[in-house]
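Thanks for sending this one over. Here are a few points to read with the structure open beside you.

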Amino acid sequence: MPERTRGIGASLRAVVDRVETATPPGRDRALDALRGLAILGVVLGHWCVTALVSDSGTLRVESPLGHLPELTPVSWVFQTLAVFFLVGGHVAARGHAAARARGESHGSWISARLRRLFRPVVPLLGVWTVATGVMLACGVPWQTLHTLGKLVLSPLWFLLVLAALTAATPLVARIHPLWPLAVVLHVDLLRFGFDGPEALGWLNLPAGWLVPYCLGALLARRGPLSSGAAWGLLLGGAAATGLLVAFAGYPGSMVGVPGAPVSNLNPPTLAAVTFGLAQSGGAMLLLGPLRRVLRRPAAWAAVALLNLCAMTVFLWHQTAMIAVTAAGLLTAGFLGHGPLTGLHTVPDGYTWVLARLGWLPLFVGALLICGAAFHAYERSTARRPARRDRPARPADQRPAVRTEARRA
């Protein structure tokens, strides 16, 4: 074996050992895995169903789901936000209870949580403020700026909702998930059944995501669901979603499709909520197998490291896609080539789908560059300040991974 290969292998083993040693014994690794899977689902979903189409010198967004409706099941795989809110509710309720037990005030607890959420947003806004100024100076059309800005800023709605629910954890942690589910049901009944105002649907933005969040908090208080209850949630949620799509006129896609009259996600509809309940049941069934897999140090290290940079991945994945798209467009123009299939063309055929899969490694590479550049903003939120009643340890004695693995 070449010396360089042996060195890489030794470095990886060292990282795995450090993460394993730093992990508290009682940490539920499966919850971290569910969070990581939810983040990856969102990222891959955006990359697969979002097309930046070059048209007369401007860029606009289209979706292959609008041209190839048979691909609708793809949205069922990649729309994983309910799982993220489920885990978020579970972790927040448990974390708040632990903070109360050790005498920490609610204000201190929530400020630490919100810093963890929003500090990584600062470099994103800074970079895109500068980029927007440069593009305006270069004469980039307003339609293109609007398209790019919407793609970059759209993930922030998720952070705002999560931050609001986190701040309200002491109030909402004891709400049974059936209450917000009833709100969503009545809002949709008024909106679609009695032709109510469209603005009424925005009540579902907090209520719809409260359902999995409150379910997670409920599980934190009462313990995990039995296997039968989890199967019931999975099958019942799936059946309800199928009936709503087949007989109540709800869209089959669980993500928004440009040009569609109704979106299940913006704002959330009853179909999106029942689908999220099915996902939650499936997530509960996965906990046992995930715990067994994550006993392996290498598997756990991968999950832990992903969770340590989860916010960076979430915030910068659209920028990575835009960077590759822009670089491809400039390169194609310089070489006198037309728009590149799968990158700048209308997503109206399977040729586009296959080409887009070929571009994904470049998206990953661009995201890794963004992560290397901006992950420090997320890491700094995970470090606890040194206690004033004891001297700080020398830098070479500090457990570099321990604190971050604990707070992942």
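1. Let's begin with Asp 28 and Arg 291, which form a salt bridge whose closest N and O atoms are 2.8 Å apart. Please keep in mind that this is a predicted model. The pair ties together distant parts of the chain, 263 residues apart: Asp 28 sits in the loop between helix H1 and helix H2, while Arg 291 belongs to helix H14. Asp 28 counts as buried, because its relative accessibility is 16%, whereas Arg 291, at 35%, is partly exposed.

2. How many salt bridges does a search of the whole structure find? There are eight. Another of them joins the side chains of Asp 32 and Arg 35, at 2.9 Å from N to O. Both residues lie in helix H2, three residues apart, or about one turn of the helix, and both are buried.

3. Do look at Arg 102 and Glu 104 too, whose side chains meet in a salt bridge with an N to O distance of 2.9 Å. Arg 102 is exposed at 57% relative accessibility, and Glu 104 is partly exposed at 23%. Elsewhere, shared partners link Arg 27, Asp 32 and Arg 35 into one salt-bridge network.

4. Now for helix packing. The axes of H7 (residues 121-137) and H16 (residues 310-334) come within 10 Å and cross at roughly 30°, so the two helices are roughly parallel to each other. The crossing is left-handed.

5. Which residues make this contact? From H7 come Val 121, Pro 123, Leu 124, Val 127 and Trp 128, meeting Leu 315, Trp 316, Thr 319 and Ile 322 of H16. By class, the contact has eight nonpolar residues, one polar and no charged ones.

Note on methods: Residues numbered from 1 in each chain as written. Predicted model: local features only at pLDDT ≥ 70, side-chain atom pairs only at ≥ 80, totals over all residues. Heavy atoms only, no water. Axes fitted to C-alpha atoms, helices over the stretch in contact; angles between N-to-C directions. Helix = DSSP H or I, 4+ residues; strand = E, 2+ residues; numbered from the N terminus. Parallel < 35°, antiparallel > 145°, perpendicular 65-115°, else oblique. Left-handed = near helix turned anticlockwise from the far one by under 90°. Contact = heavy atoms within 4.5 Å. Nonpolar A, V, L, I, M, F, W, Y, C, P; charged D, E, K, R; others polar. Salt bridge = Lys/Arg side-chain N within 4 Å of Asp/Glu carboxyl O. Buried < 20%, exposed > 50% of the residue type's maximum accessible area, 1.4 Å probe, protein only.
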